[in-house]
Amino acid sequence: MPLDPEAKMLLEQMTTVVRPFDELSVEEARAAIATLSAAAGEGEAVARVENRAVPGPRGEIPVRVYTPAGRAPLPVLVYFHGGGWVIGSLETHDGLCRHLANAAGAVVVSVGYRLAPEHPFPASGEDAYAATRWVAANAAVIGGDAKRIAVGGDSAGGNLAAVVSLMARDRGGPPLVFQLLVYPVTDAPSANTSYRENADGYFLTAKMMHWFWNHYCGKNPDLSDPYLCPLRAKDLKRLPPALVVTAEFDPLRDEGEAYAARLREAGVPATSKRYPGMIHGFFGMGPLLTQARAATKEAAEALRAAFGAR
């Protein structure tokens, strides 16, 4: 279908506010994503918000804990923000995390993992895993249930959620009940159909993905490493069930859907949902996009079902 009218209007507005990230310095790009995220307005109220620091492999990791109304222990969603492993922060995804906490009835722990290029691969994945281990070991401290922990993230954060799921399986825990993968990066930039069809003009461009990728892992990474490219993992068995959300006009569309297909082939329950007419980044734009509200509603329902199943 054609580009959604709401998304088209938003794209036109965004192009007047910021230049493509690949035309900016890292510092300028970080400032630009902060400006864009602020356009969504103030997030909804939750019962409690707490900033904490948890131990990581190279120092403390900042996290923000969102607790909705309800009786503890509540299920927990450990969430990793998007931004190509280079930009984004606890602040850029504050509104989305508030909404997910209320909608899913879960404590949401947003993780401020280290960013590239200052901290290239595998720093972000190791931070994400360390934070998840801390949540499992200290769930009671934050009013959470250690037996009902899910991971989730968008874009590069979706990559990290998939990677943490692999690490938890490979390294003996913690047990996870679900993975919410929102237009995840699962492979290196490629010449697949969605990269060709959506190379330019829909917010995230092919050039931009190469810019992020080169900052994250350099020009000659080991693409066989599943903690970099989950789609290339030899074994996807014994992973938590997944919901993979994709957008029609997104270079990352095909690799996300391919990952869902490979999960199913491995016997992992995995639902893939493509939102027609949508662009990369739409999931966090609920105040501005009708389909974003539908997507977060579906994600929250999937999380509630996974939590309830345990």
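Guide: Let us begin with a side chain: a polar atom in the side chain of Arg-148 lies 3.2 Å from the backbone oxygen of Pro-73. This is a predicted model, where local features need pLDDT of at least 70, side-chain atom pairs count only at pLDDT 80 or more, and totals for chains, interfaces and linings use all residues. Residues are numbered from 1 along each chain as its sequence is written, and side-chain values use heavy atoms, with hydrogens and water left out.

Visitor: What makes the pair of Arg-148 and Asp-145 side chains a polar contact?

Guide: A polar contact is a pair of N or O atoms within 3.5 Å; within protein, one must be able to donate a hydrogen and the other to accept it, and residues adjacent in sequence count only if both atoms are side-chain atoms. The Arg-148 and Asp-145 side chains come to 2.9 Å, and their pair is a polar contact. Arg-148 has its place in strand β5.

Visitor: How do you know that β7 and β8 pair?

Guide: Strands are DSSP runs of E with at least two residues, helices are runs of H or I with at least four, and both are numbered from the N terminus. Two strands pair if DSSP finds at least two bridges between them. Seven bridges join β7 (residues 242-249) to β8, and these strands run parallel, so they meet that rule. Among the partners, Phe-249 bridges to Ile-279 in β8, and Val-244 to Ser-272.

Visitor: Why is β8 called an edge strand?

Guide: The open sheet has eight strands in the order β1-β2-β4-β3-β5-β6-β7-β8, with mixed pairing. Its edge strands, β1 (48-56) and β8 (270-279), each pair on one side only.

Visitor: What makes β7 mostly covered?

Guide: Buried means under 20% relative accessible area, exposed over 50%, and partly exposed in between (1.4 Å probe, protein chains only). In β7, eight of its eight residues are buried.

Visitor: Why is the unit of β7, α8 and β8 called right-handed?

Guide: A crossover is right-handed if, with the strands pointing away from the viewer, the path from the first strand over the helix to the second runs clockwise. β7, helix α8 (residues 253-265) and β8 make a β-α-β unit of that hand.
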